[in-house]
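Please read this note with the model open beside it.

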Amino acid sequence: MGSGIPLLNDYKEEFFWRRFLQTLLGGPKLRLGYDAPPYVYVMQVVLFSIPLILGIVFTILAETGLTSDVVAVCIYGGMIGIFALVVQLASMLVQRRETTVSPLATNTQNMLAEDDEIFFESCCSVGTVEFIIPGKKYKVNIFIHAAIAGVVGGLGFWYLLPTTLDGLYNDMIGVTIILYITGWLTLCVALYSVAIAPPPEVATFRTSDTWEIAPLMRPFYILLFACFDQLARHNADFVTTNEILHVVFVFLPLLWIMGLMPPLEALFLWAVEQMVIFLFGGSAMASSPRLVLMLLLSTLVYLLVYFVPFGLQSVAMMAVFGVLLSCEHGIILWVLDLWQRSPVQHPSRQHHWGYYLTLFALPVLACGVATATNHFYIEGTVSTDAADYVAYGIVGLFGVELLLAKAQTVYLFGGLWRNPLYPPGVMSRRLVRRRRGLLAAFGDIRRVIMCAVAPLSVVIYLSLSVDLESSDKQVTNGNTTHVPMTMVVLGTARAFRWAWQTTHLSLYDVTITFLVNKLATDTTTTWRSLGVGLQLLIVSVIRDRLEQFVNKLYFCVTLLVKSWVDKKQRHRSTVPTLGLYVILFPLLLATIFLAAVLSAPMLPLFTLPIFLIGYPRPLRSWPGSVGQSASECGDTAFYKHAALELTRTLPASIARGSLGDVGPGSYFLLRYQDRLVWLQVLERGCGYCHVSVKGLELQETSCHTVEASRIDDIIEETFEIPESKQHIPCCLWNHHPLNVMRPCDAVFLQTYSDAKNQLTGVIDSPDVLKSVASGFAMSLVWVLLHSTWEEHTGLQDSNTDTQRPDTSRVKTWLAGEKTGGDDPWVKTKAEVNPVISVRPLSARSGISDFASSVGSGWLDDDLDDELDSPATKNKINLATRDKQNITEVMKPPGVLMSSGDAANLDLLDFGLPTVDITQTMPNRFAASLPHSVTYASPHSSHFTVPSAWRDSPVSQKTLTLLMDRFPQEWFTHVLSLFAYKTTSQKDSVDIVGEVTRDSVLATVYSHLVMSCVSVLGLADGASLTPSHVYRLYNGVIPWSPTSDWLTDDVQLLRLVLKAYRYAVKLAVDQAVLGEVTSHSEVEEYLEEYDSNWYIGSEGDPGWTEAVTSGIGQLFSLSHDPIQGVYKSRVLTMTDLPVYVSALSAEAVRAQWANLSVEMLYMTNDDEERYSIQAHTTLLRNLTVQAADPPLGYPIYSSPPLSVATF
């Protein structure tokens, strides 16, 4: 597979090389892919060269002494600013002409040319100027960018003066000349992007540059180098660094084209995140506003501690604020939730007084422990070796915590060997609970350690190790190096917070620091003079970078090995690449090391073993708000419901430690049934964790299926061990050690099990069809009486909204709109507002429209298309129709609506005589009851129906024939049931008897029910077909002269559709479970449908609402036109085993880094491209799906969800 798929198709490859040259030069488009006049190229070269020409002139003036360096710098910078301003203003003025010039006179795109080929009329035409100098989106940026260009140009000129270079490199003329020439090329490249037009950048963070920040990226880096040069001029300690940076300066274009220099937004967020984590002991945050505000609050707390007199009060403040900044519901983080635009959702929060008591107790407890311990330490009451004793205890706690956590995971020793303590099977929840008793005890012990014992132990250790009063005296002993007090306070405050923010890593860092201090016997070293706080900070940075190095190396080795071992992944470039890395393996290690130092992802180009370094970016990887968008579909509701349930299920696993070290930047893949959930950890603190849940598509593509099958294989091998292999050690080894997915644990989630069954032999059974027809009358009696009972009692069924059939899909085609065929149906749309989908015959004109409506029958294969026919888009307001005094009546054959239709019939030479429809034609045969009826019992009025429902459109003769089929005994049974519920009087038995004996009430209901039976065509159950059942179930009403009576009444239509769906479900249940033999059994079925079921269509809005609200069971009927079969779908709320697997964070970030370059820079959106093909080790296709839109396409993406981990 790998060798047969090109990385880029021919067109994209040509496009890439054009864009590559443009990026390298900073913006000039010197390779267009089509013929262009020479002046297009000449003008770009001139604009690119003007800063260089001016720079050479002023360099000569400065070097010959005709002007001073400072004056030359100021004049040159001013001229560059004026140059940028003039160019942009000229572009704006020329482009304004476009509004006054005829469109034919402008240089518009050639519609016959390929892609973006443009006609150039002259060098000053609008199209030419717009092509070369696109102009600014915001006019104010014309002046801002011009000012920035002037500053960058002036400082860059000073940076590259030969005098400056000679002073740095001791008058080495060769070095000066080389750096001067190449440095000016770098400066011109940067100035062109801000003064003329920015190039497309390889390092792209956002898909659109809303605020025009992209043109400032390259000038910003030039400004950084120039500012450091100015600093080095006044501080001799930076001279050597300045020499190195001057050499790096000339390679900036190469770094830009490699995409190593981050965009300004990504650079800012990355820098803020690193400061929050390593300087202030915080965590990566769930959103950018939250991250920035956390930096401001952390800085404020640091300044507050620093300016408070050193002593117990400063220790107390550090202990208290360390807890408050780490807890989710600390006062400070409440400000974060209120300020950010997308607040974190807390779906599982049901806090009681104990939770808030804990929030109050933790700061008080930390403050009391810290101040008491520090007081006794300073007073000399506590032994000087007390800190060592506490440190030994922390080392022991770290070892115990690590063993307890690892003992609960399914794999040990880095995922190589299966844990023999883990249950061999997890399909039964009861069995798992019994066999995981020991593991649960381990988890409870670890939870106590991590929530209270460990952080308080670290606080005690810090309190015994910190003496800010002595540090403030700035006393030095022997060769001990003095450390500024600002750094001491920073390190100490960070350590107090780190103990609560990330307790596991805090234990890790304290253990390493203590062991290093024990091994470093020289008490006068610089290391000991730093103090415990700064030592922990340095250890934390080194540990983090080493972990990243190991993880990146593991990912690179995995990709290298699998690119050769897996034959399907072999590409024609694989062998040369592997040979090159064997020779240059130290270079690969250096690349990985640099990426780890920068905390930047590796970038495997096209996901091949060609490793570059991606630009540094925040751990969230994407700039937009979490959960901002997703490719939603009908299956989105399943993941939305599962996400809420996960916030209630995962806390126990996270707190126990069975998922490993869960921190920001961790990724997990959850598998249950045919669903895949992508979980990303955004933020972690004391007692809480913020996660993002994404749902991947259920209807898998071929690549999706391949990777999902491998996931299922790994899960089965891991969690379901045959009894014959449980005691054989060699069978417990992980057979997929290099896979980026490592199974961690299995939890039980209360969600929907999905059962899809073919109804062949059921829905086409004559007995079932007859059961549908007969059951409809019974279910309609139930639904009608239930509805009237609810209206009388004022009760609202909990499932009223979700059980209500969606009539928005029901459509009406009047007589003559669809004729011919053996299956004349009417699709009716009746909405709450007085608007129905009706296309009047008078709106049609022309013989073609009339002829197109003749003989159009329906086939089963076209059902899905017919349900959304465009003919239903035209709407007429009934109120407007009433104002025009147009009375809608039933039209016998030959009735015409307009003279245009009569003309059409004349042309076709057929038709019946024209009838004047402006005169009302009463239906003399309709069986209607009086609008005002008198019931035999006064209590019968509780069950009365609207008067419009008593106006039956069915003839008396038809109703008389159908009355024998009315379920009188069932009606009496149901009526007595609801009548008894209605009354609470002592003589309720007598009242129920009066109501059930009321013949008038029985007549009203019998007329209504049998009228509906007639309208729906259910009078003869033997004539029903599966297509009839399916269409009517989905709200498609068969047309008849009486159908408008039903379709125009929204409330009645909803009740009838609900009753019919109950009848279909009851018929299917009887076919599967056996026939009902008594009214009580039918009652039991229908009560179950009302209380625990949603019975409807998957396309209904109510279906989505039912899933998200957690209705117990759902039933739908569908038709597969390809296979020609009918299917039922039953969703049942139950406890399902969910298999949780940890993903390699480096593998995910690396693939996303490649995805960003490939899609945003190379625009390689080919659906069959190499980098999206199935990879059973990297899970490449699933990883691409899980990326944020528009690069990825998850069908569900949640906002940040809070998971409590206390």
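The numbered points below describe the structure and give each term where it is needed.

1. Basis. This is a predicted model, in which local features need pLDDT of at least 70 and side-chain atom pairs count only at pLDDT 80 or more, while totals for chains, interfaces and linings use all residues. Residues are numbered from 1 along each chain as its sequence is written, and side-chain values use heavy atoms, with hydrogens and water left out.

2. Overall picture. The protein has 44 helices and 17 strands; these are DSSP runs numbered from the N terminus, with helices being H or I of at least four residues and strands E of at least two. Of its 1206 residues, 54% count as buried (buried is under 20% relative accessible area, exposed is over 50%, partly exposed is in between, with a 1.4 Å probe and protein chains only). Among contacts with a separation of 6 or more, 76% are between residues 24 or more positions apart; a contact means heavy atoms within 4.5 Å.

3. Confidence. The mean pLDDT of the protein is 80, and 79% of the residues reach 70 or more; pLDDT is the predictor's confidence in each residue, from 0 to 100.

4. Cavities. Where does the model leave enclosed space? Rolling a probe the size of a water molecule over the atoms shows where empty space is left. On a 1 Å grid over the protein atoms alone, a cavity is a set of points where a 1.4 Å probe fits but cannot get out, and a pocket is an open set with protein on both sides within 12 Å along at least five of seven lines; lining residues have an atom within 4 Å of a point. Grid points are joined across faces, edges and corners, and a volume is the space filled by probe spheres set on the points. By this rule there are 12 cavities of 30 Å³ or more.

5. The largest cavity. Its volume is about 130 Å³. It is lined by 13 residues, and the closest to its centre are Phe280, Val301, Leu325, Ala493 and Arg494. At least two lining residues come from each of helix 12 (288–307), helix 13 (312–324) and helix 20 (485–501). The lining divides into nine nonpolar, two polar and two charged residues (Ala, Val, Leu, Ile, Met, Phe, Trp, Tyr, Cys and Pro count as nonpolar, Asp, Glu, Lys and Arg as charged, and the others, Gly among them, as polar).

6. The second largest pocket. This pocket holds about 1300 Å³ of space. Of its 47 lining residues, Pro198, Pro199, Pro200, Glu201 and Ala214 are the closest to the centre. Helix 1 (10–25), helix 4 (126–132) and helix 11 each give two or more residues to the lining, and helix 1 gives the most, with five. By class, the lining has 24 nonpolar, 10 polar and 13 charged residues.

7. A covered helix. In helix 38 (residues 1026–1033), eight of eight residues are buried, among them His1028, Arg1031 and Tyr1033. Gly1035, which follows helix 38, has a positive phi near 90°.

8. Salt bridges. The whole structure has 25 salt bridges, each a side-chain nitrogen of Lys or Arg within 4 Å of a carboxyl oxygen of Asp or Glu. In one of them, the closest N and O atoms of Glu683 and Arg290 are 2.9 Å apart. Glu683 lies in strand 6 (residues 675–685) and Arg290 in helix 12, so the pair ties together parts 393 residues apart in sequence. Both residues are buried.

9. Pairs within a helix. Arg543 and Glu547 form a salt bridge at 3.6 Å, N to O; both lie in helix 23 (residues 531–565), four residues apart, about one turn of the helix. Arg543 is buried at 6% relative accessible area, whereas Glu547 is partly exposed at 32%. Arg648 and Glu645 also meet in a salt bridge, at 3.4 Å, N to O.

10. A network. Salt bridges link Arg675, Asp754, Glu1098 and Arg1129 in a network.
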